[in-house]
Amino acid sequence: MEYNIIDNLKLITPKPELFWNPVYDYTIKSNHFKDIEQKSENFFQSVKNRLERIKLDGTNLDLEEVEKGRKKLSELKEKLHGQKQEIDLLLSTVYKNTHINEHLKLNIVIREVQELSSFWNVEFQAFAKTFLPSEKDVKKITTFQLDKLFKTLALRDDSDGDNENNNLNEATNENDVQIDETANKEQPTEKEIKSNRNNLGARNSLITIPKKQKSQLILNRIDELNSKNNNDFFWNKSTEPLDEGKVKQLTKFFDTQEYFDQRELEKQKIANYHKYTPKVSNMRPKIEIYKDASDAVNAEGTRSVNTGENQAKGGETKEPLTNEKSPEKRVEPQPEKVSLLKSLTNFWADRSATLWEPLSYPLGTSEHIFVDSDVIVREDEPSSIIAFCLNTADYESKLLNNNWTLHEEEQSQEDDLSLDEETTITDEEKKIRRDAKLKDTMLKKGFHLKYQFEEGYSTIFCKIFFTQQFDALRRKCGISENYVESLARCIKWDSTGGKSGSTFLKTLDQRFIIKELSKAELEAFVHFAPSYFEYFAHVLFHDLPSVLVKIFGFYQIQVKNSLPGGKSYTMDILIMENLFYDRKIDRIFDLKGSMRNRHVEQTGKENEVLLDENMVEYIYESPLFIKENDKRLLRASLWNDTLFLEKMNVMDYSLVVGIDHSCDELIVGIIDCIRTFTWDKKLESWVKEKGLVGNTGVGKEPTVITPKQYKNRFREAMERYILMAPGVYYQGTTNT
């Protein structure tokens, strides 16, 4: 007898209750601490740099006002130092005194720094208004001083010109005498002629001052004034006579209006940045309640950004059009002008508030924090919007008034004990009563919420569908306390190989997967959800075997950002458990039971999804074996789930299989159980079955079939893909 050793894999199905690995929580909290520490340091350093760069000399202030300004700067520096110490202490205290999974508590520090940003903006505005020249003063002072410099250089040019002319006349007379003396002598040699020409050219070059030398005189004067404390610089008027022709000649080197034009461009750039004013707002959302899911879906305010195919994909607003003229050929400025512009810009950068560098704020224009919430809303992270809405006091209030909660249970227990002090309730009885309430909540018709809030230039909508049912489901699965913490941050998750084309996100702690729905899937789930809750009530409360991946929330999100370049989008998403959480998966398969176009070329990339034909190739070399009890559990689960999905007229679902060789585990779960058998699927099935398009021949099985046919094909394929390794007591099957 011949035999081969096989590797038995342990079957892992979705568990009724979810768990969190503390290692992930620690990593997230530690990284968040470092990130906040760095943002805080950057902010305080930017404030310090601005304070140290401010100069009060060389302005129109008198000595007494300059002294007051310097005293005010010293006070502000001391205040900044004290605030930094307080923030550092607050950050370390919150970090040490909170649980390992409470990373949102650290956002208290971000909120405090954001409020300090508003404080320092007000302080700098008041200081600039009191001690620094306005833009009008800057123009007046600059024009006056340049005029003064040009006059001085013109006079210097006249003086130098007269001296040069006298020297030239003397040199000419000397040459005439030399010519007379040598007239009767021998003719000079060629070398002597060349030498005399060079000497004459050198003298003639003194007649005019080069342009670079004139512009450099202005540069030197500006640098000299910029480096010295000269409070009388701007207002000392010249009484020397002036040759207007010389001034005009000098102004060719520098156009004052050109400097002001460039300054205006710089002002516009900084003004665009300053459109974002950091603040911490009081949250006052607009709330609407819907009794019917269809009414919530079709409500105004969530389908106006994107239309057609772009509804399921994030759209992007276009920048407003401007009446721009056709670009003209740009004339490069002369080097002398560039140097002058740069010198003046550097001079006023320390003495005017107009061109101050922006402070380093802890939050960007697409990030928002509110007084009564620790969740930071990030427009590019849809899950943070959901976490924010679920974390509001209003949401808890709605559940408390319209639904059974743990608080209500505790109150009822206190009432019972007050009536009969001798009555004791065991933990088992508490659990039974709690489960009964949760089950009733999942089965009843609930309500749907819509939140709308505005902050800065952004308007954000969030619809929460089947609020009570999903809340009861999360409580039963033990995730209600950690759900908001997980959704607070998310990242894009790239899974290659699949054919759905949907966008996937993953929470930062890896616990949940966020899937974007198409419009058809949205409409299907609205009608499918009540039956879904009913089925899971049997799974969770009556131990019905199932491998359906649990869905913990269904939401519709819309963001409108009116800033130039801001992004606006609408997304319909659902939150589901991550089957592969805290596991190292070597291979992932998406199995539908079909062999038509179900093959992808393997690239070896991480999270690569393989299909049915890839599975057949794999099990030909390495069959997948599970134990007898696991096989029976898998068979029963697939039987129950596919029967339920057929009744719901659902098809096109998949069994996701992950192989973890390090732990010898086979992780399975049914996903994509939303798409119903609609008329477009029926038409596609009929066309492919008749062989009217493509390479499908008549008689071949179409890729799209009826839900009943899909169920049977799915069951048979999964039976072949995953084999059973008989145990020692296995007696086989008997045919009677």
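Select Arg378 to begin: this residue is buried, with a relative accessible area of 6% (buried means under 20% relative accessible area, exposed over 50%, partly exposed in between, with a 1.4 Å probe and protein chains only). The model is predicted: local features need pLDDT of at least 70, side-chain atom pairs count only at pLDDT 80 or more, and totals for chains, interfaces and linings use all residues. Residues are numbered from 1 along each chain as its sequence is written, and side-chain values use heavy atoms, with hydrogens and water left out.

Arg378 belongs to strand S4 (residues 377-378). Helices (H or I, at least four residues) and strands (E, at least two) are DSSP runs, numbered from the N terminus. Leaving aside residues up to four places away in sequence, Arg378 touches Ser366, Glu367, Ser384, Ile385, Ala488 and Arg489; contact means heavy atoms within 4.5 Å.

Next, show the open sheet of eight strands, ordered S2-S5-S6-S10-S11-S9-S8-S7 with antiparallel pairing. Two strands pair if DSSP finds at least two bridges between them. Strand S2 (286-290) and strand S7 (490-492) stand at the edges with a single partner strand each, so one side of each has no neighbour in the sheet. From one strand to the next, the twist averages 25 degrees. Now zoom in on S2 and strand S5 (residues 448-455), which run antiparallel and are joined by five bridges. Here Ile287 stands opposite Tyr451 in S5.

Axes are lines fitted to C-alpha atoms, for helices over the stretch in contact, and angles run from 0 to 180 degrees between N-to-C directions.

Move on to the open sheet of seven strands, in the order S13-S12-S15-S16-S1-S14-S17, where the pairing is mixed. Its edge strands are strand S13 (609-610) and strand S17 (722-725), each pairing on one side only. Strand S14 (residues 624-627) and S17 run parallel, joined by four bridges. Look there for Phe625, opposite Leu723 in S17.

Finally, select helix H14 (residues 427-443) and helix H15 (residues 467-476), whose axes come within 8 Å and cross at roughly 150 degrees. H14 and H15 are therefore roughly antiparallel (under 35 degrees counts as roughly parallel, over 145 as roughly antiparallel, 65 to 115 as roughly perpendicular and the rest as oblique). Among the residues that meet are Leu438 in H14 and Leu473 in H15.
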